[in-house]
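Trainee: Please take me through this structure by way of questions and answers.

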Amino acid sequence: MNQSMHTPPTHQDTVSSADGTLISYQTMGTGPGLIVLGGSLRTSEDYLPLASALARSFTVHLVERRGRGASGPQGSQYALEKEVEDLLVVQAETGARLAFGHSYGGLVILETARSLQVFDRIVVYEPGVPVAPVPTGWMSPYRERLAAGDPYGAFVHFIRGSGGAPAFMTKLPYWYLRFALRIGFRGPSWQRMRPLLPASLAEHEQIAAQQGRLAEFAAVTASVLLLCGSRTARAGRAEFEAVRDTLANATLETLNGLNHFGPEGKTAPIVAERTVAFLL
């Protein structure tokens, strides 16, 4: 079923970021202003179920991060700071004092809140704040496969090397995984992800560049709810505990039965319910 059938009336706006890049966002619902920022390999469309559920309680501003949709390109000078600048112009335009971030979007929000007190309350679902060393060995072969016009081959390197896949998948032969992806990854979600593969590399390079900076996030003074899924690997959940312990005012909750992609699709209402309870 088309997700947009359940989406409340929206209007789309664009703002110009500090470097002139246009940043697009959709606004829906009524209530306090809430900015929603998504993760790598995702567009704002992936978060429409979440935004729609939140729009019953908030005026939701669903951001299309740079490198996606109607927003401008990442640019050759791409860095985490560019994402912070993008978020700040949306915040200034909307006046929203609440924020929700998933994965890389969660890192962007916490990095923004670390330096400027623009948000009163924040919810982050499995934010991409590095605690343990970040694997980077997959990045060069990933880049080579992209340059060769082989997006499936690139994605296999990401799956096997980035640390997020189940252990059994990392042991499967490269050729087998690539073949399985070609068979299994064909639908609309792959069509949305495929153009984002280069942007995802740049974003993961930025995550790796934040290694060793965990203590700096103690400067986040906003009240933060950290959410993670019970189906996320135990090592990952231990990292979120370390983030909670670093932040000045944070609570960590584990949502039963959810994985890293909890804020998307059918499980989005569960995440929305916890978000509403914390932010209101």
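This is a predicted model: local features need pLDDT of at least 70, side-chain atom pairs count only at pLDDT 80 or more; totals for chains, interfaces and linings use all residues.

Mentor: Residues are numbered from 1 along each chain as its sequence is written, and side-chain values use heavy atoms, with hydrogens and water left out.

Trainee: Which helix gives the most residues to the lining of the largest cavity?

Mentor: The largest cavity holds about 50 Å³ of space, and lining residues are those with an atom within 4 Å of a point. Among them are Ile23, Leu37, Arg65, Glu83 and Val108. Helices (H or I, at least four residues) and strands (E, at least two) are DSSP runs, numbered from the N terminus. With four residues in this lining, the top contributor is helix H2 (residues 80–94).

Trainee: How many charged residues are in the lining of the second largest cavity?

Mentor: The second largest cavity has about 40 Å³, and its lining includes Gly38, Tyr47, Glu64 and Arg68. Ala, Val, Leu, Ile, Met, Phe, Trp, Tyr, Cys and Pro count as nonpolar, Asp, Glu, Lys and Arg as charged, and the others, Gly among them, as polar. By these classes the lining has two nonpolar residues, three polar ones and, for the charged class, four.

Trainee: Which helix gives the most to the lining of the largest pocket?

Mentor: A pocket is an open set of points with protein on both sides within 12 Å along at least five of seven lines. The largest pocket has about 1,500 Å³ of space; 46 residues line it, and Ser162, Gly163, Gly164, Ala165 and His260 are the closest to its centre. Its lining has 29 nonpolar, twelve polar and five charged residues. Four of the lining residues come from the top contributor, H10.

Trainee: How many residues apart in sequence are the parts tied together by Glu83 and Arg65?

Mentor: A salt bridge is a side-chain nitrogen of Lys or Arg within 4 Å of a carboxyl oxygen of Asp or Glu, and the count here is 19. Glu83 and Arg65 form one of them, with their closest N and O atoms 2.7 Å apart. Because Glu83 is in helix H2 and Arg65 is in the loop between strand S4 (59–64) and H2, the parts that the pair ties together are separated in sequence by 18 residues.

Trainee: Are Glu203 and Arg68 buried or exposed?

Mentor: The side chains of Glu203 and Arg68 meet in a salt bridge at 3.1 Å, N to O. The pair links helix H9 with the loop between S4 and H2, 135 residues apart. Buried means under 20% relative accessible area, exposed over 50%, and partly exposed in between (1.4 Å probe, protein chains only). By that rule both Glu203 and Arg68 are buried.

Trainee: What is the accessible area of the nonpolar patch with Trp175?

Mentor: Patches are made of residues with over 30% relative accessible area and no salt bridge; like charges are joined within 9 Å, nonpolar side chains (Val, Leu, Ile, Met, Phe, Trp, Tyr) within 5 Å. Areas come from the Shrake-Rupley method with a 1.4 Å probe, and for residues only the protein chains shown count as cover. Trp175 is in helix H7 (residues 174–184) and is exposed at 61% relative accessibility. Together with Tyr176, Phe179 and Ile183, Trp175 forms a surface patch whose accessible area is about 500 Å².

Trainee: What is the phi of Glu126?

Mentor: Most residues other than glycine have a negative phi. Glu126 is in the loop between strand S6 (121–125) and helix H4 (139–147), and is buried at 2% relative accessibility. Its phi is positive, near 45 degrees.

Terms used
On a 1 Å grid over the protein atoms alone, a cavity is a set of points where a 1.4 Å probe fits but cannot get out, and a pocket is an open set with protein on both sides within 12 Å along at least five of seven lines; lining residues have an atom within 4 Å of a point. Grid points are joined across faces, edges and corners, and a volume is the space filled by probe spheres set on the points.
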